[in-house]
Amino acid sequence: MNEVVQNNPIKQNLLDLDREGLECFFADTLGEKRYRAHQVMKWIHHRHVTQFEDMTDLGKALRAKLETHAEVRVPQVQFDKPSEDGTHKWLLGMDGRNAIETVYIPDKGRGTLCVSSQVGCALNCTFCSTATQGFNRNLSTAEIVGQVWTAARHLGNVPHKQRRLTNVVMMGMGEPLANFDNVVRAMSVMRDDLGYGLANKRVTLSTAGMVPMIDRLAQESDVSLAVSLHAPNDELRDQLVPLNKKYPIEELMAACVRYAKRKKGESVTFEYTLMKDVNDQPQQARELVRLLRAFDNAVQMKDAAKVNLIPFNPFPGTRYQRPDETAIRAFQKLLNDAGMIAPVRRTRGDDIDAACGQLKGQVADRTRRQAEFRKTLDARGEREAGGNEPGAAHAA
Ligand code: SF4
């Protein structure tokens, strides 16, 4: 008699599904009641349990079905590293060749997790450490949610109790709007009461300015929007953020106006990384005020535009420098004197390279950008022994 060889069925990673997806999986694949999905979500996201045998309020038969058809596969922690100032960084293995970093930043009354959306980034902003690493691929929903799961478990975070993880910013490696579906689905889990229970306002997506996708985001999600602006005019922004050549400032601001207007009282945050003698001059502060005042007027709301000033964090091989404290304060004062909210983001996690622009991942680069960057460093004699060049980060 011929032996029947059964292939292992491909198991569905439940971290890949939001509430709706999980309900469908329970109904269509398992033939179970949809509400069973809610119990499983709580086990995974509130109690951080990944083994079905430990989900004790599920019947034996259901647990057996889940074993056959599903799994809860979380990212592999390659290392985690606390900083003296409370910042915590994880290097998470996403497959055999790529790893990304996730950073937790506690502050007065809040704890923010900076989450990555891609392995590397294809956009090549000239001041960004991630850009030097090139691009490999989008992260799946499970890989994005897995970053939150890992931090929440470490922090003992449970929704509806005193939480240490209060905010998520999609501001790590990658351009989140270039990985739209996976990011939107992951943000839905972050905001779901059965997931991480974060209010819409407390989940922020930061984009370099993919205009059509900002409009799509307005239709499909309800999170806070941040834009990596970094320059008040097209001439300079074309140099810093090459995507600007495709979607210049006027189009970008118009999309931001549409986003802010979809809901009364919504503001948009504009990230502005200050680089010495590049974009930190008084004239540029005045230009920025004009640009953002026009935004406020178009939205018809005072302080519709908020600015985050981020002093540049230098990395080996970069041509940019951080302005001195006097220049940073002078730039901020010009904005404040014009009545704008413009905090300077404090550098956190310096001792573990977790400050903005310093995240390191491991990118199996498919764009050859790493090799070009190494060549530049070699030519300048700046590469450290062992090939230790800078790693990844977004938006700053
Ligand atoms: S700043 Fe953001 S969008 Fe630009 S290259 Fe870096 S990660 Fe990509």
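How are helix 8 and helix 9 oriented to each other? Helix 8 and helix 9 are oblique to each other. Angles under 35 degrees count as roughly parallel, over 145 as roughly antiparallel, 65 to 115 as roughly perpendicular and the rest as oblique. The model is predicted: local features need pLDDT of at least 70, side-chain atom pairs count only at pLDDT 80 or more, and totals for chains, interfaces and linings use all residues. Residue numbers start from 1 along each chain as its sequence is written.

Helix 8 spans residues 249–261 and helix 9 spans residues 282–299. Helices (H or I, at least four residues) and strands (E, at least two) are DSSP runs, numbered from the N terminus. The two axes come within 9 Å and cross at roughly 40°. Axes are lines fitted to C-alpha atoms, for helices over the stretch in contact, and angles run from 0 to 180 degrees between N-to-C directions. The crossing of helix 8 and helix 9 is right-handed. A crossing is right-handed if the near helix is turned clockwise from the far one by less than a right angle, and left-handed if anticlockwise. Helix 8 contributes Met-253, Cys-256, Val-257, Ala-260 and Lys-261, which meet Phe-295, Ala-298 and Val-299 of helix 9. Two residues are in contact if their C-beta atoms, placed from the backbone, lie within 7 Å. By class, this contact has seven nonpolar, no polar and one charged residues. Ala, Val, Leu, Ile, Met, Phe, Trp, Tyr, Cys and Pro count as nonpolar, Asp, Glu, Lys and Arg as charged, and the others, Gly among them, as polar.

Another pair is helix 1 (residues 19–29) and helix 2 (residues 36–46). Their axes come within 8 Å and cross at roughly 125°. Helix 1 and helix 2 are therefore oblique to each other. Their crossing is right-handed. Arg-19, Leu-22, Glu-23 and Phe-26 of helix 1 meet Arg-36, Ala-37, Val-40 and Met-41 of helix 2. Five nonpolar, no polar and three charged residues make up the contact. An α-helix has 3.6 residues a turn, so residues three or four places apart point the same way.

Helix 4 covers residues 141–155. From first C-alpha to last, its 15 residues reach 21 Å, close to the 21 Å expected at 1.5 Å a residue. The expected span is 1.5 Å times one less than the number of residues. Twelve of the 15 residues are buried, so helix 4 is largely enclosed by the rest of the structure. A residue is buried if 20 or more other C-beta atoms lie within 10 Å of its own, exposed if 12 or fewer, and partly exposed in between, with C-beta atoms placed from the backbone. Among the buried residues are Ile-144, Val-148 and Trp-149. Gly-156 follows helix 4 and has a positive phi, near 65°.

His-230 has a phi of about 70°. His-230 lies in the loop between strand 11 (224–228) and helix 7 (234–240). It counts as buried because 28 C-beta neighbours lie inside 10 Å. Asp-277 has a positive phi near 60°. Its loop runs between strand 12 (268–274) and helix 9. With 10 C-beta neighbours inside 10 Å, Asp-277 counts as exposed.

Leu-274 is found in strand 12. Leu-274 is buried, with 23 other C-beta atoms within 10 Å. Its C-alpha atom is separated by 5.9 Å from that of Ile-310, 36 residues apart along the chain. Leaving out residues up to four places away in sequence, Leu-274 touches several residues, including Asn-279, Leu-309, Ile-310 and Phe-331.
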